[in-house]
Amino acid sequence: MDFRLKVFYTVALRLNFTKAATELYITQPAVSKHIQELEETYKTKLFERNGSKIALTPAGKILLQHTKNIFEIYREIDFDMSSFRNERQGLLRLGSSTTISQYIISPVLARFHQKQQDIKVNLLNGNTEQIENALINKEIEIGIVEGQSKNQSIKYVPFIKDELVLVCNTQNSFVKQNEISLEDLKSMKFITRERGSGTLEVIEYALKQVGLKLSDLQIEMQLGNTESIKSYLLNSDCFAFMSIHAVGKELKNNELIVLDVKNLTIERYFYIITLLGKSDALSELFIQNISSYYNLKL
């Protein structure tokens, strides 16, 4: 593999020479030298430089696409050839949305590593939209996400079922009520995830089914991850719809409590996503491990 292409690929993803140098364990002048050699080889500029900022030129964008395809082929070669020695080796790049990364995927990764110690796994975290974009841009091979946006180039396979429940801290005055009405929701202060979050999409859709809009709720703040929301709830009189998988510890410790909402149940699936029509042996191996861990038939 041409190391210069690896340097180019890293700079193109990070759009920063210093970060690329750190990631590749080489000096910044070495990074600049490799990029310069590539530009001389192809007789065209690959990056536009504007002070400390850089951006890909049209030629750079085309080279990046080819480089992604080349690295994908190399990755499949490494895994397929190592299988003949019964020594499965390779790199698997996963992406998962926040709730799944923090509360669902870790035991699967631990078991997979015990069985396949020579396979390196990189895990990218982000919201559903970011993970889908990473898959489309071939920065990951598999994603596990909270929503289903039905992108035409992505294959969605249901993974495990989840329920979003209304939670608050145990000192909240609403705890005394046996049941929360849909009208009550309008007077409550909510913490939500950011736009692009699969969780927020599911909540929005469920509210619509009972005649409510997200704008009907008093949104006090939007936070970028589940742990931040839980911490905020513990220190405020706010509410949030959260995955039951995410609040198990707090419910057990009597820090948060689930409130029943009359005529509102929010259920969803987590989905395994891959590019439509694209499959490789290493990805299939990991998906088999996921399904056997959760006793699923995928």
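What percentage of the 298 residues in the protein chain is made up of buried residues? In this predicted model, buried residues account for 45% of the 298 residues.

View 1. Of the contacts between residues at least 6 apart in sequence, 74% join residues that are at least 24 apart. The chain exposes about 15900 Å², and carbon and sulfur atoms supply 49% of that area.

**View 2. The largest nonpolar core, which has 23 residues.** Leu 166, Leu 185 and Leu 264 are the residues with the most contacts inside this core. The elements that give two or more residues to the core are β6 (154-169), α8 (182-185) and α9 (198-209), and α9 gives the most, with five residues. In soluble globular proteins, nonpolar side chains tend to be buried together.

**View 3. The surroundings of Leu 264.** When its neighbours within four places in sequence are left aside, Leu 264 is in contact with Leu 182, Leu 185, Ala 206, Leu 207, Val 210 and Phe 241.

**View 4. An aromatic pair formed by Phe 17 and Phe 47.** The structure holds eight aromatic pairs, and in this one the rings are edge-to-face, at 6.2 Å centre to centre with 65° between the planes. The pair links distant parts of the chain, since Phe 17 is in helix α2 (residues 17-24) and Phe 47 is in strand β1 (residues 47-50), 30 residues apart. Phe 17 counts as buried because its relative accessibility is 11%, and Phe 47 counts as buried because its value is 1%.

**View 5. An aromatic pair formed by Phe 174 and Phe 239.** These two rings are also edge-to-face, with 5.4 Å from centre to centre and 85° between the planes. Phe 174 lies in the loop between β6 and α8, whereas Phe 239 lies in the loop between α10 (226-234) and β9 (240-243), so that the pair links parts of the chain 65 residues apart. With a relative accessibility of 15%, Phe 174 counts as buried, and Phe 239 counts as buried at 2%. Ring pairs link Phe 174, Phe 190, Phe 239 and Phe 241 into a cluster.

**View 6. A nonpolar patch on the surface.** Ile 70, Ile 73, Tyr 74, Ile 77 and Met 81 form this patch, and together they have about 440 Å² of accessible area. Ile 70 lies in helix α4 (residues 58-83) and counts as partly exposed because its relative accessibility is 32%.

Methods. Residues are numbered from 1 along each chain as its sequence is written. This is a predicted model: local features need pLDDT of at least 70, side-chain atom pairs count only at pLDDT 80 or more; totals for chains, interfaces and linings use all residues. Side-chain values use heavy atoms; hydrogens and water are left out. A nonpolar core is a set of buried Ala, Val, Leu, Ile, Met, Phe, Trp, Tyr and Cys residues joined through side-chain atoms within 4.5 Å. Buried means under 20% relative accessible area, exposed over 50%, partly exposed in between (1.4 Å probe, protein chains only). Helices (H or I, at least four residues) and strands (E, at least two) are DSSP runs, numbered from the N terminus. Contact means heavy atoms within 4.5 Å. Patches are made of residues with over 30% relative accessible area and no salt bridge: like charges are joined within 9 Å, nonpolar side chains (Val, Leu, Ile, Met, Phe, Trp, Tyr) within 5 Å. Accessible areas come from the Shrake-Rupley method with a 1.4 Å probe; for residues, only the protein chains shown count as cover. A salt bridge is a side-chain nitrogen of Lys or Arg within 4 Å of a carboxyl oxygen of Asp or Glu. Rings of Phe, Tyr and Trp (its six-membered ring) pair if their centres lie within 6.5 Å; planes under 30 degrees apart count as stacked, over 60 as edge-to-face and the rest as tilted.
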